[in-house]
Amino acid sequence: MDMVFLYDRYKECGGRVTTDSRRICGGEMFFALKGENFDGNEYALKALEAGAAYAVVDKDAAAVKSASGDMSSRLIPVDDTLAALQSLARWHRSMTFVDGKPLPVIALTGTNGKTTTKELVKAVLETKYKVTATEGNLNNSIGVPLTLLKIDEDTQIAVVEMGASHPGDIKELVSVALPTYGLITNVGKAHLLWFGSLEGVMAAKGELYDYLQRTADKAFVNVDNPYLRKMASDRPDLSTIPYGLDYEGAEVLPASPLYPYLRIRLQSAKVVETGLVGTYNADNVMAALAVGRYFGIPEEDAVKAVSGYVPKNSRSQMMKTAANVLIVDAYNANPTSMAAALDNLDSIDAGRKAVMLGNMLELGDDSVKEHIAVIERLSHISSLEYAVLVGDEFRKALDAMGDAVPDNVSWFATSDEAASGLSRRRPEGCCILVKGSRGSMMEKVIPSL
């Protein structure tokens with residue numbers, strides 16, 4: 001692949017890249033990616049007709065053979081379009097400098113809290129710098145290069161979220177992003193179908209630490225977390241920037257009905273008042289403050305930025321309906337995040353509580369055991385009046401428990417069925433946790449609450 005040629009065409013397009021032929025506005029470089037159920041090569045000529053300046057296609061694609069004239073000259077055939085996209089992103093990242101030095105890139109991964117932490121870090125850094133960050137959760141083999149290709153001449157720091165569902169995913173992504181800093185939010189039980197165990201998760205997430213150790217770059221490490229502390233100590237050549245609630249002498253203040261959101265008193269006595277629900281978000285806040293401190297953000301500005309962040313996309317949101325108060329954390333779920341969310345609900349001072357929980361997916365052989373653990377945990381939540389469980393994985397757990405299932409538990413096959421049932425018997429005056437894996441689509445029950 002002639003990367004100089006490809007990069008010149010990318011710059012000719014003003015740095016605008018897309019993988020969706022339906023979003024062509026004019027002048028972009030279209031990458032014809034392939035997936036299990038689609039082949040972008042089939043839309044390459046349509047992308048050019050819609051105004052794309054160039055289309056990067058597989059060299060054996062039908063478009064290469066059928067195009068002629070101007071269309072043919074605007075096709076860029078390559079061996080592998082995804083590899084070309086990643087190589088272009090890596091080239092662009094390596095060619096970007098700030099004040100004569102390589103662009104600082106912070107890679108961020110973890111089992112839970114990645115996107116919230118990324119948004120908090122971005123908010124803090126933006127008080128002083130021009131930041132390019134991952135949009136939403138575009139954190140995979142396609143999303144990471146697309147994020148890097150949005151870096152422009154004004155960018156001073158990039159914050160790149162990285163997800164992993166298989167061993168080797170982080171290794172692949174850091175080889176594209178070439179980070180100079182890294183941060184793992186935490187490690188827990190997720191994607192066990194592919195990782196096999198918590199140790200497998202630690203090894204997979206630790207690929208970020210492995211990279212930073214080889215390049216002599218720095219990792220922000222929550223030293224209060226025993227897993228992260230061990231992962232760092234197992235890599236003695238890793239340069240670390242420690243942070244943590246206990247490490248920094250900070251404390252989480254009790255939530256109350258008047259202020260149900262997370263508050264943290266820092267060692268300086270300054271109080272961080274957030275719009276986040278759940279003490280489990282404290283580590284995410286401390287991570288953002290640590291990054292800001294390292295990059296020279298005054299504490300007052302960092303605290304103000306964190307306080308101004310409003311969660312969205314069903315991540316640690318508190319919502320008030322006409323009848324109830326909802327804690328909506330329905331974007332994703334695994335045993336670690338589910339336990340944290342239930343513990344947080346237990347800590348809330350509310351007279352009546354309920355939960356609406358969807359399947360935790362990709363847990364492999366541990367699925368039934370982990371869903372049983374969630375159901376058993378419900379009996380320890382104070383003032384929990386009833387629980388609604390959704391999906392096949394919870395059904396298997398309920399069947400395995402037999403007569404041990406609590407009386408206040410009901411089950412529905414889908415979130416649509418749960419919404420229908422709740423609309424006929426709407427809860428009132430409750431604090432309700434809504435949580436589940438993305439595939440459960442638990443946000444569908446919200447209108448019925």
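## The S16–S17 hairpin

Strand S16 (residues 317-320) and strand S17 (residues 325-329) run antiparallel and are joined by four bridges. The model is predicted. A hairpin of four residues connects S16 to S17, and Lys320 has Val325 in S17 as its bridge partner.

## The antiparallel sheet S13-S14-S15

Three strands make up an open sheet in the order S13-S14-S15, with antiparallel pairing. Its edge strands are S13 (251-253) and S15 (271-273), each of which pairs on one side only. Direction ignored, neighbouring strands of this sheet are turned against each other by 30 degrees on average.

Within the sheet, strand S14 (residues 263-265) is joined to S15 by three bridges, and the two run antiparallel. Arg265 stands opposite Val271 in S15. Helix H13 (residues 282-294) lies across S13, S14 and S15, and runs at about 55 degrees to S14.

## The parallel sheet S1-S2-S3-S4

A further open sheet contains four strands in the order S1-S2-S3-S4, and here the pairing is parallel. Strand S1 (17-18) and strand S4 (75-78) are the edge strands, each pairing on one side only. Strand S2 (residues 29-31) pairs with strand S3 (residues 54-58) in the parallel sense over three bridges, and Phe31 stands opposite Val56 in S3.

Helix H5 (residues 81-94) packs on this sheet and touches S1, S2, S3 and S4. The direction of H5 makes about 135 degrees with that of S2.

## Packing of H6 on H14

Helix H6 (residues 114-125) packs with helix H14 (residues 299-307) at an angle of about 135 degrees, their axes being 8 Å apart. H6 and H14 are therefore oblique to each other. The crossing in which H6 passes H14 is right-handed.

On the H6 side, the contact is made by Leu120, Ala123 and Val124; on the H14 side, by Ala302, Ala305 and Val306. Which classes of residue build this contact of H6 with H14: nonpolar, polar or charged? Six are nonpolar, with no polar and no charged residues.

## Packing of H15 on H16

Helix H15 (residues 335-347) and helix H16 (residues 367-378) pack at an angle of about 5 degrees, with 11 Å between their axes. Because angles under 35 degrees count as roughly parallel, H15 is roughly parallel to H16.

Pro335, Met338, Ala339, Leu342 and Asp343 of H15 meet Glu370, Val374, Arg377 and Leu378 of H16. The residues of this contact divide into six nonpolar, no polar and three charged.

Why are Tyr7 and Tyr10 separated by about one helical turn? The reason is that Tyr7 and Tyr10 are three residues apart in helix H1 (residues 3-12).

Methods:
Residues numbered from 1 in each chain as written. Predicted model: local features only at pLDDT ≥ 70, side-chain atom pairs only at ≥ 80, totals over all residues. Heavy atoms only, no water. Axes fitted to C-alpha atoms, helices over the stretch in contact; angles between N-to-C directions. Parallel < 35°, antiparallel > 145°, perpendicular 65-115°, else oblique. Left-handed = near helix turned anticlockwise from the far one by under 90°. Contact = heavy atoms within 4.5 Å. Nonpolar A, V, L, I, M, F, W, Y, C, P; charged D, E, K, R; others polar. Pairing = 2+ DSSP bridges.
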